[in-house]
Amino acid sequence: MDLAGNVLSSSLVAVLFFFLLLSFSEARDHLVGGKTDSWKIPSSESDSLNRWAEKSRFLIGEYSLVWKYNVKADSVLKVSKRDYVTCNSSSPIAVHNDGNTKIEQTHSGDYYFISGAKWHCEQGQKLIVVTLSEKNMRRFMGATAPSPAMAPEADLHGR
């Protein structure tokens, strides 16, 4: 391969790497509950949004949470842990009532959300989202890998 071919090949690899890196660094939208009608009173404990959130792992800046709901009937309140537990909607950290709420998580930790509709929180319409830093994500992912079990000595010797 001549010099021009090497330069062209190296440039192509650099451009592809840039676009690959860009696609991984863009924030992705995560529809709360995985579908548009999820921000509602759950029909059962297994239908809880916290079940959905427990199955997901979120990194700082890599995603935005998106709520879709009827603006005339509901809202999303970001609240403290205490207000989450007690379903207190009188002093929210933030109020969202546009029907298409998009919130980016900017630091690691727990985020607490409740419905702004009267009595909905008490009936289970609330959500905790845990956001991890890259360091915590690596630690979390490493901690979940089970260590291999040792085979019993009798099995190793065929007894």
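Colleague: In this predicted model, is C121 buried or exposed?

Modeller: The cut-off to keep in mind is that a residue is called buried when its relative accessible area is under 20%. C121 has a relative accessibility of 3%, so C121 counts as buried, and C87, at 12%, is buried as well.

Colleague: Which residue does C121 form a disulfide with?

Modeller: In general, a disulfide is a covalent bond that joins the sulfur atoms of two cysteines. Here C121 is joined to C87, with 2.1 Å between their sulfur atoms, and the count for the model comes to one disulfide. The pair links distant parts of the chain, 34 residues apart, since C87 lies in the loop between α3 (81-86) and β5 (94-96), while C121 lies in the loop between β7 (109-115) and β8 (126-132). The torsion about the S-S bond of C87 and C121 is about -70 degrees, and the disulfide is therefore left-handed.

Colleague: In what order do the three strands of the open sheet stand?

Modeller: The general idea is that strands of a sheet pair through backbone hydrogen bonds, in either a parallel or an antiparallel way. In this open sheet the order is β1-β3-β6, with mixed pairing. Because β1 (28-31) and β6 (100-104) each have a single partner strand, they stand at the edges, and one side of each is left without a neighbour in the sheet. From one strand to the next, the twist averages 30 degrees. β1 and β3 (residues 63-68) run parallel and are joined by four bridges, and L31 stands opposite V66 in β3.

Colleague: What is the mean pLDDT of the chain?

Modeller: The mean is 76, and 67% of the residues reach 70 or more, although over residues 11-25 the pLDDT is below 50, and residues 143-159 likewise stay under 50.

Key: Residues are numbered from 1 along each chain as its sequence is written. This is a predicted model: local features need pLDDT of at least 70, side-chain atom pairs count only at pLDDT 80 or more; totals for chains, interfaces and linings use all residues. Side-chain values use heavy atoms; hydrogens and water are left out. pLDDT is the predictor's confidence in each residue, from 0 to 100. Contact means heavy atoms within 4.5 Å. A disulfide is a pair of cysteine sulfur atoms within 2.5 Å. Helices (H or I, at least four residues) and strands (E, at least two) are DSSP runs, numbered from the N terminus. Buried means under 20% relative accessible area, exposed over 50%, partly exposed in between (1.4 Å probe, protein chains only). Two strands pair if DSSP finds at least two bridges between them. Axes are lines fitted to C-alpha atoms, for helices over the stretch in contact, and angles run from 0 to 180 degrees between N-to-C directions.
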